[in-house]
Amino acid sequence: MINLSRKYQPKYLFRLSVALVSFFAFWFTAVVAVMVAVGCIYGENVITYAVMGGGFGLFAIGLVIFFILDKTFYNRNILKLTAELEKEFTDMPFEEAERILKERGIITDTGFVVSNDGVFSEKLVSFEQAWLKVSCKLVSKLSIDVVLYDDNGEKACKYELDSALYNFLQGKETELTCNQFFNLLVNDKREFTKQALKRLSLI
């Protein structure tokens with residue numbers, strides 16, 4: 001798939017897209033122009049058919065080469081991103097994950113911390129009322145956020161998913177444990193990576 005954004009993909013995928021666009025431009029300008037010129041000069045002649053066959057053959061060969069390279073680079077990128085997820089989201093005991101999140105001020109015994117001025121007040125969304133949604137972004141790696149909504153459906157906070165929050169959400173009864181996208185991250189990180197890139201319109 002052609003994607004000319006430098007921001008959301010490795011250099012080799014960007015260069016492949018540039019090469020494919022350049023190939024199309026070359027074929028539709030130079031090669032087609034040659035075929036038209038030969039057709040005008042020789043008419044229905046064996047030379048015309050030979051040039052046209054060569055031109056369309058070049059186009060077909062080019063597409064096959066780019067298709068093979070695209071699949072190869074695509075799989076390479078999927079493997080790289082999947083390996084990063086597997087390295088980042090390792091298992092830890094629920095109690096340890098809970099302790100880490102409490103120390104960071106992300107949760108309490110009863111809910112998620114939405115805001116805390118450190119002095120007077122602390123705003124919470126209880127675990128029972130919290131609605132969580134997974135979102136992704138891709139810069140140098142695939143980063144995952146958990147967006148928290150309160151019981152009124154209002155966006156309350158966003159947390160970057162790390163190993164502690166990942167393990168806590170697996171063991172805590174929340175809406176997210178029933179979320180198919182989150183379960184993919186837990187059970188099949190390769191498929192999760194594919195689905196995440198589709199959501200980002202990168203494959």
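1. Let's start with Asp-145. Skipping its neighbours within four places in sequence, you'll find Asp-145 in contact with Lys-133, Val-134, Ser-135, Lys-137, Lys-158, Tyr-159, Glu-160 and Leu-161. Keep in mind that this is a predicted model.

2. Where does Asp-145 sit? Asp-145 counts as buried because its relative accessibility is 7%, and the cut-off for buried is under 20%.

3. Which side chain does the side chain of Asp-145 make a polar contact with? Look for Lys-137: the two side chains make that contact at 2.9 Å. Lys-137 also turned up in the contact list of Asp-145.

4. Now slide along to Ser-143, another residue of strand 4. Is Ser-143 buried or exposed? With a relative accessible area of 14%, Ser-143 falls under the 20% cut-off, so it is buried. Leaving out residues up to four places away in sequence, Ser-143 touches Ser-135, Cys-136 and Lys-137. Ser-135 and Lys-137 are also on the list for Asp-145. While you're looking at strands, here's a handy rule: in a regular strand, side chains alternate between the two faces of the sheet.

5. Next, the partner of strand 4. Strand 4 and strand 5 (residues 155-160) run antiparallel, with five bridges joining them. To see one of these pairings, find Tyr-149, whose bridge partner in strand 5 is Lys-155. Five residues lie between the strands in this hairpin, and Gly-153 takes a positive phi there, near 80 degrees.

6. Over to the helices. How do helix 2 and helix 6 meet? The axes of helix 2 (residues 46-88) and helix 6 (residues 189-199) come within 9 Å and cross at roughly 115 degrees. This crossing is right-handed. On the helix 2 side, the residues making the contact include Tyr-74, Ile-78, Leu-81 and Leu-85. On the helix 6 side, Phe-192, Thr-193 and Leu-197 are among them.

7. Finally, step back to the whole protein chain. Along the sequence they follow the pattern α-α-α-β-β-β-β-β-α-α-α. How much of the chain is buried? Of its 203 residues, 37% are. The protein chain exposes about 11,900 Å², with carbon and sulfur atoms supplying 58% of that. As for contacts between residues at least 6 apart in sequence, 50% join residues at least 24 apart.

Key: Residues are numbered from 1 along each chain as its sequence is written. This is a predicted model: local features need pLDDT of at least 70, side-chain atom pairs count only at pLDDT 80 or more; totals for chains, interfaces and linings use all residues. Side-chain values use heavy atoms; hydrogens and water are left out. Helices (H or I, at least four residues) and strands (E, at least two) are DSSP runs, numbered from the N terminus. Buried means under 20% relative accessible area, exposed over 50%, partly exposed in between (1.4 Å probe, protein chains only). Contact means heavy atoms within 4.5 Å. Accessible areas come from the Shrake-Rupley method with a 1.4 Å probe; for residues, only the protein chains shown count as cover. A polar contact is a pair of N or O atoms within 3.5 Å; within protein, one must be able to donate a hydrogen and the other to accept it, and residues adjacent in sequence count only if both atoms are side-chain atoms. Two strands pair if DSSP finds at least two bridges between them. Axes are lines fitted to C-alpha atoms, for helices over the stretch in contact, and angles run from 0 to 180 degrees between N-to-C directions. A crossing is left-handed if the near helix is turned anticlockwise from the far one by less than a right angle, and right-handed if clockwise.
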